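I wanted to look up a few things in this structure and keep track of them. These are my notes, entry by entry.

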Amino acid sequence: MEIRKKKISLAGLFGRYIFMFVTGTFFASLISGAVMFFLILIPSGPFLPANYAEQQLINTKETLQEADITEEEMIPSGSLYGVFDREGSFLYGTFDEEVQKDAWKKYKTDTIYPQGKGYYFFVEKNNGEICIIKYFVAMRYAKEKLNEILPSPETFNMMLTLGIFITLTVLNGYFLSVKFGKKLKNQLACLTEATARISENDLEFAAETSEIREVDEVMASLEKMKEALKVSLKTQWDTEQLKKQQLSALTHDIKTPLTVVRGNAELLVEAELQEDDRECAEEILKNAGFIADYLDSMRQVLKGQKEQKSWQDVSVEELSGEICDFVRQLAAVRKIPLSFEVRTEKQLQKKEAKKDSGKNVNQDIFPLEGSPEEAKSILCCKEEILRAWGNLVDNAIEHTDPEKGICVTIEREILQAEIMGEEDSAGKTDFIRISDSGQDHREYLRVSVRDYGSGFSQKALLHGKEAFFSGDESRHDRTHQGLGLSIAADFMKRQGGFVEYHNVDKSQGAEASLWICMKR
């Protein structure tokens with residue numbers, strides 16, 4: 001039969017170590033006291049007993065009586081003496097004048113208590129002289145030099161005892177704190193291991209126990225959380241698998257009608273058609289190819305494979321031309337007005353010339369021409385750039401005033417600083433730049449589309465880049481999935497650029513831009 005260990009509370013464990021600390025402090029006081037008494041009572045110790053001078057005088061009294069001249073070496077250390085004749089005249093010694101008078105007066109009255117501290121010891125010598133010694137009852141060091149450089153033995157002994165007590169107490173506290181820390185760490189190891197395994201989604205482990213009740217209670221809570229998380233992850237896994245199956249089936253189902261569309265478009269292209277009809281058939285065939293590419297990319301993602309993207313150097317003129325053709329096709333299908341503006345030094349000159357000639361500049365499409373210095377290339381995946389651009393254009397077309405249409409602007413800019421948000425004097429953010437590159441002073445090709453709708457709301461400006469955001473009533477409806485800006489931002493992040501969107505005016509619509517990083 002398994003023997004269950006007795007559990008203890010955290011307060012009980014702490015109290016146990018407090019008791020051990022108090023017990024250790026008590027023994028520290030006993031040890032320091034024992035050291036103090038040992039140093040005092042040991043005969044050959046470093047200290048002389050307090051009555052050492054009195055005992056020495058008693059032992060050397062006969063020697064003092066027989067000596068013709070009392071020498072200082074005969075007197076105990078720390079004591080004073082004086083030799084008088086029978087009439088009380090001071091002959092020699094270490095007494096000062098005041099002590100001389102007091103000593104002789106006390107001798108005449110046979111009083112051993114002097115004025116101040118100490119005692120008198122009287123010796124009547126054989127030669128008729130009187131020797132008076134003033135001694136003190138106090139501890140002294142056995143070595144006389146120590147009496148001059150060290151504090152009194154009582155003070156030194158007290159300091160030594162206190163130092164031993166403090167040292168033993170600190171060592172005891174340190175030892176117990178280390179021991180308590182290790183004990184608590186060992187008891188919490190099961191919690192640390194459990195949380196680490198849960199964070200790694202490793203939920204197949206048995207809960208361990210400890211000697212502390214509170215730790216077991218936390219462990220029981222982690223066990224419940226582990227089981228709940230296991231159920232949640234399984235449900236999420238099943239949902240993801242079902243979603244992948246549905247998307248896979250959808251891509252397969254789309255492939256069949258797409259094949260029919262491409263086949264008929266190819267037949268139309270081969271047939272004898274008018275120029276306008278042939279262009280429409282070619283556009284159908286071209287965009288059907290785009291759809292086929294998107295489906296292939298989706299199948300790769302569903303299979304867990306990395307999408308194979310082709311990165312290449314694309315000239316600014318080529319990319320700008322495809323961007324213009326792309327938006328022109330979308331505007332033509334939706335039957336909305338479209339205007340272009342290409343802002344380079346040469347194009348501005350052309351624009352001024354057009355104005356002088358009275359032509360409607362906004363309806364002209366300027367090819368992006370420039371000097372050799374302007375003809376830089378862009379390293380990018382052209383398909384992703386066009387997909388990101390398509391999301392912005394589609395969003396603009398959806399929310400613009402059909403009569404005013406949209407306006408497309410293409411220009412080069414050198415970004416001096418990247419600002420993630422700007423606030424006006426009222427504290428409201430009306431300008432958002434989605435950027436993760438974190439680099440300054442880079443040259444970009446800025447491609448913008450402006451609509452003439454109601455503009456972004458404050459909520460949309462803050463959360464527009466989030467996937468599936470559809471809380472903005474002004475620019476979202478129930479059929480809108482809120483993926484346009486999010487997808488565009490992801491594409492541009494991979495290319496080294498970013499997406500920017502803001503309101504042009506409170507009542508004049510919004511503008512969204514792709515900042516495409518130029519090759520250095």
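My entries go from the whole chain down to single pairs of side chains.

**Ground rules**

I am working with a predicted model, where local features need pLDDT of at least 70, side-chain atom pairs count only at pLDDT 80 or more, and totals for chains, interfaces and linings use all residues. Residues are numbered from 1 along each chain as its sequence is written, and side-chain values use heavy atoms, with hydrogens and water left out.

**Whole chain**

I looked up the secondary structure and found 13 helices and 15 strands. Here helices (H or I, at least four residues) and strands (E, at least two) are DSSP runs, numbered from the N terminus.

Next I checked burial: 35% of the 520 residues count as buried. Buried means under 20% relative accessible area, exposed means over 50%, and partly exposed is in between (1.4 Å probe, protein chains only).

I then looked at contacts (heavy atoms within 4.5 Å). Of those with a separation of 6 or more, 66% are between residues 24 or more positions apart.

The chain exposes about 31,800 Å², and carbon and sulfur atoms supply 56% of that. Areas like this come from the Shrake-Rupley method with a 1.4 Å probe; for residues, only the protein chains shown count as cover.

**Helix α4**

I picked helix α4, residues 97-108, to check its length. Its 12 residues reach 17 Å from the first C-alpha to the last, close to the 16 Å expected at 1.5 Å a residue. The expected span is 1.5 Å times one less than the number of residues.

Which residues of α4 are buried? I noted Val99, Gln100, Asp102, Ala103, Trp104, Lys106 and Tyr107. Their cover includes β2 (80-84), β3 (90-93), β4 (119-124) and β5 (130-135). After α4 comes aspartate 110, with a positive phi near 55°.

The term means a side-chain nitrogen of Lys or Arg within 4 Å of a carboxyl oxygen of Asp or Glu. The two residues are four apart in the helix, about one turn, and both are exposed.

**Helix α9**

I did the length check again on α9, residues 316-334. Its 19 residues should span 27 Å at 1.5 Å a residue, and the end C-alpha atoms are 27 Å apart, so the two agree. Buried residues of α9 include Leu319, Ile323, Phe326 and Val327. Lysine 335 follows α9, and its phi is positive, near 60°.

**Aromatic rings**

I counted 14 aromatic pairs in the structure. Rings of Phe, Tyr and Trp (its six-membered ring) pair if their centres lie within 6.5 Å; planes under 30 degrees apart count as stacked, over 60 as edge-to-face and the rest as tilted.

Phenylalanine 26 and phenylalanine 27 have ring centres 5.8 Å apart and planes at 70°, so they are edge-to-face. Phenylalanine 26 is partly exposed at 47%, and phenylalanine 27 is partly exposed at 47% too.

Tyrosine 444 and tryptophan 515 are also edge-to-face, because their planes are at 75°, with centres 5.8 Å apart. Tyrosine 444 sits in strand β13 (residues 442-451) and tryptophan 515 in strand β15 (residues 510-517), so the pair ties together parts 71 residues apart in sequence.

My search of the whole structure gave 17 salt bridges.

Glutamate 384 and arginine 494 meet at 3.0 Å, N to O. Glutamate 384 is in helix α11 (residues 382-399) and arginine 494 in helix α13 (residues 484-495), so the pair ties together parts 110 residues apart in sequence. Glutamate 384 is buried at 5%, whereas arginine 494 is partly exposed at 46%.

Glutamate 511 bridges to arginine 446, with the closest N and O atoms 3.1 Å apart. This pair links β15 and β13, its residues being 65 apart. Glutamate 511 is buried at 14%, and arginine 446 is buried at 7%.
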